[in-house]
Amino acid sequence: MPRALPVEVLCQHHELGDFDCGEPIQNLGIASRVGTFFDPSDVVILVAHENDVIRGFLSLCDLELRLDEDSDVTERCFFFAAFGVDQRWVGSGVGASLIQRSYTLRRLRRHRNYAATVATTIHNPEFEPRLRALRFRPVPGTDSTFWYRRPRS
Amino acid sequence: MSKTADEVQRLAALTTASAVESTTLLGSTGERVAKDLAAYAMGRKSMSAMGPGIDRAEDGTLRLTVDRASFEALGLLG
């Protein structure tokens, strides 16, 4: 059983190493964030690391969904926007650790009354089986680009 | 009002209008929205470069204005 890697919010001391999740656009994304102070502040990037070298990441933020431009109907969602695990670490529990930590963050923010957790798999094909295992459902009509899970569903 | 100031005001109004236009999560447009959101979350795209339907709520939260079909698809109505 591989040991669980620590998960932290991305900081300046984390290193990219030879990270490769198999998706060039995701590799580029995390590479551009490493070693920088991350702004905007509404986004949190969690990283699983081995001696500060990144082996996986999960980018998340709050997302307010508003019904039509003139409507007062809004719902706040917890949003998984980007996800990647180094190919050599797939199957070692890195993704599970990242998601578990994100749920801790969600619990800490429970006062925000999230109506749902929403995820996109647009550049994260390996995220889909994990979402299924977590009882997320594909949003109908989105060609499985968006997934959602309602609280206690 | 000078011509330049007038132009700035007109462009600002256009920007505001496009920022609150609703979009859909369905079909190919939804794919564009997903790409925008993912790019924003990884710092590859700024708020000003986002497509229609994406702006900030009053409290600064990332906001996505969607049509009724998308809202229903997420199970957020009824």
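**Terms and their grounds**

Mentor: Helix 1 of chain A is followed by Gly35(A), whose phi is positive, near 80°. Helices (H or I, at least four residues) and strands (E, at least two) are DSSP runs, numbered from the N terminus. The model is predicted, and local features need pLDDT of at least 70, side-chain atom pairs count only at pLDDT 80 or more, while totals for chains, interfaces and linings use all residues. Residues are numbered from 1 along each chain as its sequence is written, and chains are lettered from A and ligands numbered from 1 in the order in which they are written.

Trainee: Is Leu65(A) buried or exposed, and how do you know?

Mentor: A residue is buried if 20 or more other C-beta atoms, placed from the backbone, lie within 10 Å of its own, exposed if 12 or fewer, and partly exposed in between. Leu65(A), found in strand 3 of chain A, has 22 C-beta neighbours inside 10 Å and therefore counts as buried.

Trainee: Which residues does Leu65(A) touch, leaving aside those up to four places away in sequence?

Mentor: Contact requires C-beta atoms, placed from the backbone, within 7 Å. With residues up to four places away not counted, Leu65(A) touches residues of both chains, among them Cys77(A), Leu64(B) and Phe71(B).

Trainee: What makes the buried residues of helix 1 of chain A lie on the same side?

Mentor: These residues are Gln26(A), Gly29(A), Ile30(A) and Arg33(A). They cover an arc of only 85° around the axis, so they are on the same side of helix 1 of chain A; the arc is that of the directions from the helix axis to the C-beta atoms. The face turned away from that buried side carries the exposed residues Pro24(A) and Leu28(A).

Trainee: Why is strand 2 of chain A called largely enclosed?

Mentor: Six of its eight residues are buried, so strand 2 of chain A is largely enclosed by the rest of the structure.

Trainee: What makes strand 2 and strand 3 of chain A a pair?

Mentor: Two strands pair if DSSP finds at least two bridges between them. Strand 2 and strand 3 of chain A have eight bridges, in the antiparallel sense, with Ala48(A) opposite Gly56(A). These strands form a hairpin with two residues between them, and Asn51(A) in the turn has a positive phi of about 50°.

Trainee: In which sense do strand 3 of chain A and strand 2 of chain B pair?

Mentor: They pair in the parallel sense, over five bridges. Leu67(A) has Val66(B) as its bridge partner in strand 2 of chain B.

Trainee: How many residues of each chain are in contact with the other?

Mentor: 31 residues of chain B are in contact with 32 residues of chain A. Helix 2 of chain B gives the largest share of the side of chain B that touches chain A, eight residues.

Trainee: How do you know that the length of helix 2 of chain B agrees with expectation?

Mentor: The expected span is 1.5 Å times one less than the number of residues. For the 15 residues of helix 2 of chain B this should be 21 Å, and the end C-alpha atoms are 21 Å apart, which agrees.

Trainee: Which residues touch the most other members of the largest nonpolar core?

Mentor: Such a core is a set of buried Ala, Val, Leu, Ile, Met, Phe, Trp, Tyr and Cys residues joined through C-beta atoms within 7 Å. Of the 60 residues in the largest one, Phe79(A), Ala81(A), Ala38(B) and Ala41(B) touch the most other members.

Definitions and conventions. Two residues are in contact if their C-beta atoms, placed from the backbone, lie within 7 Å.
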